[in-house]
Amino acid sequence: MDFIIPLLEDLGMGFVEIGGAFLEHPDQFDAMETNAKELTDRAAARFMAGILEYMDDLIRESGARKERFDIQRKRERTLITTAGDVTFRRTLFKSKEDGKTQCLLDRQVRLTPHERFSPVAEAKVLSEAEAHSYQYAAKTMQMGNQTVSKVAVMDKVHGIRNAIPKDDDPKGQ
């Protein structure tokens, strides 16, 4: 987990810069607050990407993995999180048993294939859509480079509605 020390150094230097700017302009508390939030969100996103890649390395080097799966290739994935975009590389493996390709990291941390939202970001967007509007929910998730449209929020809400069994059909059939 060699990425943590440089991450903390960057975070500390960022706080020093933000604090210095505030001391020069004490009337700009709002700028200090905004900059501190952006800095910590970027650090959190970097941390999540780093820890996911570290976990992927552990899986790739695992003896149990080597017995059952061959390395296929590495792919990049970006998740929309409440801290912004988290972009990380992960390994795809081919099963020696059935020949199917899968990402063991995604399976280990329970990330659904092709899902763009982290579980917490998904909960936030659904909550905002319920309380406000699809457009408002989409706007609250615009923290990184990924775009979230009101249609994407609507699809997420409708996907949840379709997954919930109706009252008159307790088995969901």
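**The start of the chain**

Reply: Let's begin with F3, which is partly exposed, with a relative accessible area of 23%. Buried means under 20% relative accessible area, exposed means over 50%, and partly exposed is in between (1.4 Å probe, protein chains only). Before we go on, please keep in mind that this is a predicted model, where local features need pLDDT of at least 70 and side-chain atom pairs count only at pLDDT 80 or more, while totals for chains, interfaces and linings use all residues. Residues are numbered from 1 along each chain as its sequence is written, and side-chain values use heavy atoms, with hydrogens and water left out.

Now to the rings. Two aromatic pairs are found in the structure. To pair, rings of Phe, Tyr and Trp (its six-membered ring) need centres within 6.5 Å; planes under 30 degrees apart count as stacked, over 60 as edge-to-face and the rest as tilted. F3 pairs with F47 in a tilted arrangement, with 6.2 Å from centre to centre and 45° between the planes. Because F3 sits in the segment before helix 1 and F47 in helix 2, this pair ties together parts that are 44 residues apart in sequence. F47 is also partly exposed, at 36% relative accessibility. The pair of F22 and F29 is edge-to-face: its centres are 6.1 Å apart, and the angle between the planes is 80°. F29, with a relative accessibility of 47%, counts as partly exposed.

Next comes helix 1 itself. Helices here are DSSP runs (H or I, at least four residues), and strands are runs of E (at least two), numbered from the N terminus.

Which residues of helix 1 are buried? They are L7, L11, G14 and I18. Looking down the axis of helix 1, you would find these buried residues within an arc of 65°, so they line one face of the helix. That arc is taken from the directions between the helix axis and the C-beta atoms. The other side of helix 1 carries exposed residues: I5, M13, V16, E17, L23 and E24. As for what covers the buried residues of helix 1, helix 2 (29-61) is included; contact here means heavy atoms within 4.5 Å.
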